[in-house]
Amino acid sequence: MLAIIPCSRSLTKTLLKSLVRTLSISPSRLLVRSMAESASSPFKKIQIQRDDTTFDAYVVGKEDAPGIVVVQEWWGVDYEIKNHALKISQLDPGFKALIPDLYRGKVGLDVAEAQHLMDGLDWQGAVKDICASVNWLKANGLQKVGVTGYCMGGALSIASSVLLPEVDAVVAFYGVPSSELADPAKAKAPVQAHFGELDSFVGFSDVTAAKALEEKLKASGVPYEVHIYPGNGHAFMNRSPEGIQRRKGMGMPDEDEDAVGLAWSRFRAWMSRYLSP
(Lines give C-alpha, C1' and ligand atoms only; values in the text may rest on other atoms or scores of the structure.)
Protein backbone atom coordinates (compact mmCIF):
# COMPACT_ATOMS: atom_id res chain seq x y z
CA MET A 1 0.00 0.00 0.00
CA LEU A 2 1.34 3.44 -0.93
CA ALA A 3 2.39 5.59 2.01
CA ILE A 4 0.07 8.54 2.49
CA ILE A 5 0.75 11.88 4.14
CA PRO A 6 -1.83 12.36 6.92
CA CYS A 7 -4.17 15.34 6.74
CA SER A 8 -3.75 18.02 9.37
CA ARG A 9 -6.60 17.59 11.87
CA SER A 10 -6.26 21.21 13.04
CA LEU A 11 -6.64 22.43 9.46
CA THR A 12 -9.70 20.21 8.99
CA LYS A 13 -11.31 21.64 12.15
CA THR A 14 -10.60 25.19 10.97
CA LEU A 15 -12.24 24.45 7.63
CA LEU A 16 -15.30 22.95 9.30
CA LYS A 17 -15.76 25.94 11.59
CA SER A 18 -15.58 28.13 8.49
CA LEU A 19 -18.26 26.06 6.77
CA VAL A 20 -20.68 26.34 9.68
CA ARG A 21 -20.03 30.07 10.01
CA THR A 22 -20.56 30.58 6.28
CA LEU A 23 -23.84 28.67 6.37
CA SER A 24 -25.09 30.71 9.34
CA ILE A 25 -26.58 27.60 10.95
CA SER A 26 -26.27 26.95 14.66
CA PRO A 27 -24.95 23.46 15.50
CA SER A 28 -27.71 21.15 16.72
CA ARG A 29 -27.44 17.99 18.78
CA LEU A 30 -25.67 15.08 17.11
CA LEU A 31 -28.07 12.64 15.47
CA VAL A 32 -26.11 10.04 13.53
CA ARG A 33 -28.30 7.71 11.49
CA SER A 34 -27.60 4.44 9.70
CA MET A 35 -28.47 4.20 6.01
CA ALA A 36 -31.64 2.20 5.43
CA GLU A 37 -31.53 0.06 2.31
CA SER A 38 -34.61 -0.26 0.11
CA ALA A 39 -35.47 -3.69 -1.21
CA SER A 40 -36.03 -2.10 -4.64
CA SER A 41 -32.67 -0.31 -4.69
CA PRO A 42 -30.68 -0.72 -7.93
CA PHE A 43 -27.50 -0.87 -5.86
CA LYS A 44 -25.74 -4.05 -4.86
CA LYS A 45 -24.21 -3.88 -1.40
CA ILE A 46 -20.78 -5.49 -1.17
CA GLN A 47 -17.95 -5.65 1.35
CA ILE A 48 -14.38 -4.70 0.56
CA GLN A 49 -11.32 -5.77 2.54
CA ARG A 50 -8.34 -3.50 3.10
CA ASP A 51 -5.57 -3.96 5.63
CA ASP A 52 -7.23 -5.38 8.75
CA THR A 53 -10.66 -3.83 8.20
CA THR A 54 -13.75 -4.41 6.05
CA PHE A 55 -16.14 -1.73 4.82
CA ASP A 56 -19.41 -1.64 2.89
CA ALA A 57 -19.69 -0.30 -0.64
CA TYR A 58 -22.53 0.10 -3.12
CA VAL A 59 -22.24 -0.88 -6.78
CA VAL A 60 -24.48 -0.05 -9.74
CA GLY A 61 -24.06 -0.23 -13.53
CA LYS A 62 -22.90 -2.45 -16.34
CA GLU A 63 -20.66 -5.34 -15.34
CA ASP A 64 -18.18 -4.90 -18.20
CA ALA A 65 -18.15 -1.09 -18.24
CA PRO A 66 -15.25 1.12 -17.10
CA GLY A 67 -15.31 1.58 -13.33
CA ILE A 68 -15.68 4.81 -11.38
CA VAL A 69 -15.32 5.14 -7.61
CA VAL A 70 -17.80 7.78 -6.40
CA VAL A 71 -16.75 9.53 -3.17
CA GLN A 72 -19.34 11.01 -0.82
CA GLU A 73 -19.93 14.56 0.37
CA TRP A 74 -19.56 15.34 4.07
CA TRP A 75 -23.11 14.04 4.63
CA GLY A 76 -22.12 10.41 4.07
CA VAL A 77 -23.62 7.82 1.73
CA ASP A 78 -27.03 9.45 1.46
CA TYR A 79 -29.63 9.84 -1.28
CA GLU A 80 -27.66 12.50 -3.18
CA ILE A 81 -24.41 10.58 -3.61
CA LYS A 82 -26.46 7.56 -4.71
CA ASN A 83 -28.27 9.80 -7.22
CA HIS A 84 -24.89 10.82 -8.63
CA ALA A 85 -23.66 7.23 -8.84
CA LEU A 86 -26.86 6.11 -10.56
CA LYS A 87 -26.58 8.98 -13.05
CA ILE A 88 -22.95 8.04 -13.77
CA SER A 89 -23.91 4.41 -14.40
CA GLN A 90 -26.46 5.55 -16.99
CA LEU A 91 -24.23 7.92 -18.94
CA ASP A 92 -23.45 6.78 -22.46
CA PRO A 93 -21.64 4.42 -23.05
CA GLY A 94 -22.19 3.30 -19.45
CA PHE A 95 -20.02 2.98 -16.35
CA LYS A 96 -19.88 0.76 -13.30
CA ALA A 97 -20.08 3.03 -10.24
CA LEU A 98 -18.93 2.05 -6.75
CA ILE A 99 -19.51 4.13 -3.59
CA PRO A 100 -17.24 3.27 -0.64
CA ASP A 101 -18.87 4.00 2.72
CA LEU A 102 -16.19 6.13 4.38
CA TYR A 103 -18.35 6.75 7.46
CA ARG A 104 -19.11 3.07 8.03
CA GLY A 105 -22.90 3.39 7.84
CA LYS A 106 -23.30 6.78 9.50
CA VAL A 107 -25.05 9.69 7.78
CA GLY A 108 -25.33 13.32 8.85
CA LEU A 109 -28.86 14.71 8.67
CA ASP A 110 -27.92 18.33 9.34
CA VAL A 111 -24.84 20.55 9.23
CA ALA A 112 -23.79 19.80 12.81
CA GLU A 113 -23.91 16.05 12.19
CA ALA A 114 -22.00 16.36 8.92
CA GLN A 115 -19.41 18.52 10.67
CA HIS A 116 -18.98 15.95 13.43
CA LEU A 117 -18.56 13.10 10.95
CA MET A 118 -16.13 14.91 8.66
CA ASP A 119 -14.18 16.21 11.65
CA GLY A 120 -13.73 12.62 12.83
CA LEU A 121 -12.78 11.24 9.42
CA ASP A 122 -9.46 9.44 9.15
CA TRP A 123 -8.36 11.07 5.88
CA GLN A 124 -5.42 8.71 5.52
CA GLY A 125 -7.81 5.77 5.96
CA ALA A 126 -10.27 7.32 3.50
CA VAL A 127 -7.63 7.37 0.75
CA LYS A 128 -6.88 3.73 1.58
CA ASP A 129 -10.61 2.97 1.21
CA ILE A 130 -10.56 4.58 -2.22
CA CYS A 131 -7.48 2.58 -3.16
CA ALA A 132 -9.13 -0.67 -2.05
CA SER A 133 -12.26 0.26 -4.04
CA VAL A 134 -10.23 0.89 -7.20
CA ASN A 135 -8.42 -2.39 -6.72
CA TRP A 136 -11.71 -4.25 -6.13
CA LEU A 137 -13.06 -3.02 -9.46
CA LYS A 138 -9.85 -3.96 -11.26
CA ALA A 139 -9.78 -7.38 -9.58
CA ASN A 140 -13.31 -7.92 -10.84
CA GLY A 141 -12.39 -7.58 -14.49
CA LEU A 142 -12.21 -3.82 -15.15
CA GLN A 143 -9.08 -2.62 -16.90
CA LYS A 144 -9.38 1.06 -16.05
CA VAL A 145 -10.95 2.85 -13.09
CA GLY A 146 -11.54 6.53 -12.40
CA VAL A 147 -12.42 8.41 -9.22
CA THR A 148 -14.93 11.21 -8.77
CA GLY A 149 -16.24 12.99 -5.70
CA TYR A 150 -18.18 15.96 -4.39
CA CYS A 151 -17.15 18.51 -1.73
CA MET A 152 -15.17 16.39 0.76
CA GLY A 153 -15.15 13.68 -1.90
CA GLY A 154 -13.84 16.14 -4.48
CA ALA A 155 -10.83 16.88 -2.30
CA LEU A 156 -10.26 13.15 -1.77
CA SER A 157 -10.56 12.54 -5.52
CA ILE A 158 -7.78 15.01 -6.25
CA ALA A 159 -5.71 13.45 -3.46
CA SER A 160 -6.16 10.05 -5.12
CA SER A 161 -4.70 11.42 -8.37
CA VAL A 162 -1.56 12.23 -6.40
CA LEU A 163 -1.31 9.30 -4.00
CA LEU A 164 -2.76 6.32 -5.89
CA PRO A 165 -1.02 5.17 -9.08
CA GLU A 166 -3.88 2.69 -9.60
CA VAL A 167 -6.22 5.58 -10.55
CA ASP A 168 -6.57 6.23 -14.30
CA ALA A 169 -8.60 9.48 -14.28
CA VAL A 170 -10.23 11.91 -11.84
CA VAL A 171 -13.17 14.30 -11.96
CA ALA A 172 -13.52 16.43 -8.82
CA PHE A 173 -16.41 18.68 -7.84
CA TYR A 174 -15.88 21.71 -5.56
CA GLY A 175 -13.16 20.50 -3.23
CA VAL A 176 -9.36 20.82 -2.97
CA PRO A 177 -7.23 18.76 -0.57
CA SER A 178 -5.08 20.37 2.08
CA SER A 179 -1.38 20.60 1.26
CA GLU A 180 -0.73 18.24 4.18
CA LEU A 181 -2.78 15.53 2.48
CA ALA A 182 -1.69 15.88 -1.14
CA ASP A 183 -0.02 18.38 -3.47
CA PRO A 184 -1.88 18.57 -6.81
CA ALA A 185 1.37 19.61 -8.45
CA LYS A 186 2.34 15.95 -8.05
CA ALA A 187 -0.80 14.55 -9.71
CA LYS A 188 -0.17 11.44 -11.79
CA ALA A 189 -3.63 10.92 -13.33
CA PRO A 190 -5.59 13.31 -15.58
CA VAL A 191 -7.76 15.67 -13.50
CA GLN A 192 -10.89 17.56 -14.42
CA ALA A 193 -12.32 19.87 -11.73
CA HIS A 194 -15.57 21.84 -11.39
CA PHE A 195 -16.33 24.85 -9.18
CA GLY A 196 -19.14 27.34 -8.70
CA GLU A 197 -18.26 31.01 -9.15
CA LEU A 198 -20.26 31.94 -6.03
CA ASP A 199 -18.83 29.21 -3.80
CA SER A 200 -17.93 30.91 -0.51
CA PHE A 201 -15.92 28.13 1.18
CA VAL A 202 -12.65 30.05 1.26
CA GLY A 203 -9.53 28.02 0.66
CA PHE A 204 -11.48 24.85 -0.06
CA SER A 205 -13.73 25.41 -3.08
CA ASP A 206 -13.98 29.13 -3.79
CA VAL A 207 -12.71 30.68 -7.02
CA THR A 208 -9.33 31.46 -5.47
CA ALA A 209 -8.89 27.81 -4.48
CA ALA A 210 -9.96 26.73 -7.99
CA LYS A 211 -7.41 28.99 -9.67
CA ALA A 212 -4.67 27.87 -7.29
CA LEU A 213 -5.53 24.26 -8.14
CA GLU A 214 -5.27 25.10 -11.85
CA GLU A 215 -1.74 26.42 -11.36
CA LYS A 216 -0.78 23.31 -9.41
CA LEU A 217 -2.17 21.02 -12.09
CA LYS A 218 -0.37 22.98 -14.78
CA ALA A 219 2.88 22.30 -12.92
CA SER A 220 2.09 18.59 -12.64
CA GLY A 221 2.28 18.01 -16.39
CA VAL A 222 -0.82 15.78 -16.45
CA PRO A 223 -3.82 16.56 -18.68
CA TYR A 224 -6.20 18.80 -16.75
CA GLU A 225 -9.26 21.02 -17.01
CA VAL A 226 -10.62 23.42 -14.40
CA HIS A 227 -14.13 24.74 -15.03
CA ILE A 228 -15.81 27.58 -13.11
CA TYR A 229 -19.58 27.98 -13.52
CA PRO A 230 -20.86 31.60 -13.37
CA GLY A 231 -23.76 32.24 -11.00
CA ASN A 232 -23.44 28.87 -9.25
CA GLY A 233 -22.62 28.15 -5.62
CA HIS A 234 -21.29 25.16 -3.74
CA ALA A 235 -22.85 21.73 -4.41
CA PHE A 236 -24.63 22.99 -7.54
CA MET A 237 -24.77 19.43 -8.92
CA ASN A 238 -27.27 18.36 -6.23
CA ARG A 239 -30.55 18.48 -8.16
CA SER A 240 -32.87 16.02 -6.43
CA PRO A 241 -35.94 17.64 -4.80
CA GLU A 242 -34.48 16.85 -1.38
CA GLY A 243 -31.07 18.16 -2.39
CA ILE A 244 -32.51 21.40 -3.74
CA GLN A 245 -34.45 21.95 -0.53
CA ARG A 246 -31.38 21.23 1.58
CA ARG A 247 -29.25 23.67 -0.43
CA LYS A 248 -31.89 26.39 -0.03
CA GLY A 249 -31.92 25.79 3.70
CA MET A 250 -28.16 26.33 3.64
CA GLY A 251 -28.47 29.65 1.81
CA MET A 252 -27.72 28.30 -1.67
CA PRO A 253 -30.82 29.08 -3.77
CA ASP A 254 -29.16 29.01 -7.20
CA GLU A 255 -30.68 26.63 -9.73
CA ASP A 256 -28.91 26.26 -13.07
CA GLU A 257 -29.87 23.13 -14.97
CA ASP A 258 -27.79 24.24 -17.98
CA ALA A 259 -24.63 24.32 -15.84
CA VAL A 260 -25.43 20.90 -14.39
CA GLY A 261 -25.98 19.47 -17.86
CA LEU A 262 -22.74 20.99 -19.12
CA ALA A 263 -20.81 19.58 -16.16
CA TRP A 264 -22.21 16.09 -16.76
CA SER A 265 -21.31 16.37 -20.45
CA ARG A 266 -17.74 17.31 -19.57
CA PHE A 267 -17.61 14.52 -16.98
CA ARG A 268 -18.74 11.93 -19.53
CA ALA A 269 -16.27 13.11 -22.18
CA TRP A 270 -13.35 13.10 -19.71
CA MET A 271 -14.03 9.69 -18.24
CA SER A 272 -14.77 8.17 -21.64
CA ARG A 273 -11.50 9.52 -23.02
CA TYR A 274 -9.27 8.23 -20.24
CA LEU A 275 -11.09 5.04 -19.21
CA SER A 276 -11.66 3.58 -22.65
CA PRO A 277 -9.86 0.22 -23.08
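This is a predicted model: local features need pLDDT of at least 70, side-chain atom pairs count only at pLDDT 80 or more; totals for chains, interfaces and linings use all residues.
## Overall composition

The protein has 277 residues, and 56% of them are buried. Its secondary structure consists of 8 helices and 10 strands. The accessible surface amounts to about 11,500 Å², with 51% of that area belonging to carbon and sulfur atoms.

Contacts that span much of the sequence are well represented. Of those between residues at least 6 apart in sequence, 73% link residues at least 24 apart.

Eight strands form an open sheet in the order 2-3-5-4-7-8-9-10, and the pairing is mixed. Strand 2 (44–50) and strand 10 are the edge strands; each has a single partner strand, so one side of each lacks a neighbour in the sheet. From one strand to the next, the twist averages 20 degrees.

Strand 2 and strand 3 (residues 53–61) run antiparallel and are joined by 7 bridges. Within this pair, Lys44 is opposite Val59 of strand 3. Helix 8 (residues 257–275) packs on the sheet, where it touches strand 4 (67–71), strand 7 (145–150), strand 8 (169–173), strand 9 and strand 10. The direction of helix 8 makes about 165 degrees with that of strand 8.

## Helix 6

Helix 6 (residues 207–220) contains 14 residues, and the distance from its first C-alpha to its last is 20 Å, close to the 20 Å expected at 1.5 Å a residue. Its buried residues are Ala209, Ala210, Leu213, Leu217 and Ser220. They lie on the same side of helix 6, because they cover an arc of only 95 degrees around the axis. An α-helix has 3.6 residues a turn, so residues three or four places apart point the same way.

The buried residues of helix 6 pack against helix 5 (152–163), strand 9 (191–196) and strand 10 (224–229). Thr208 and Ala219, on the other side of helix 6, are exposed. After the helix comes Gly221, with a positive phi near 85 degrees.

His84 belongs to helix 2 (residues 79–90). Its relative accessible area is 3%, so His84 is buried. Leaving aside residues up to four places away in sequence, His84 touches Tyr150, Met237, Asn238 and Trp264.

Ser133 is in helix 4 (residues 123–139). With a relative accessible area of 0%, Ser133 is also buried. Not counting residues up to four places away in sequence, Ser133 is in contact with Ile48, Phe55, Val69, Leu98 and Pro100. The C-alpha atoms of Ser133 and Ile99 are 8.2 Å apart, although the two residues are separated by 34 residues along the chain.

## Backbone exceptions

Most residues other than glycine have a negative phi, and most peptide bonds are trans. Asp92 and Pro93 are joined by a cis peptide bond, with omega about 10 degrees. Pro93 sits in the loop between helix 2 and strand 5 (96–100).

Arg104 is not a glycine, yet has a positive phi of about 55 degrees. This residue is in the loop between strand 5 and strand 6 (106–108). The relative accessible area of Arg104 is 38%, so it counts as partly exposed. Ala235 likewise has a positive phi, near 60 degrees, and is located in the loop between strand 10 and helix 7 (241–249). Ala235 is buried, because its relative accessibility is 6% and the cut-off for burial is under 20%.

Methods. Residues are numbered from 1 along each chain as its sequence is written. Side-chain values use heavy atoms; hydrogens and water are left out. Helices (H or I, at least four residues) and strands (E, at least two) are DSSP runs, numbered from the N terminus. Buried means under 20% relative accessible area, exposed over 50%, partly exposed in between (1.4 Å probe, protein chains only). Contact means heavy atoms within 4.5 Å. Accessible areas come from the Shrake-Rupley method with a 1.4 Å probe; for residues, only the protein chains shown count as cover. The expected span of a helix is 1.5 Å times one less than its number of residues. The arc is that of the directions from the helix axis to the C-beta atoms. Two strands pair if DSSP finds at least two bridges between them. Axes are lines fitted to C-alpha atoms, for helices over the stretch in contact, and angles run from 0 to 180 degrees between N-to-C directions.
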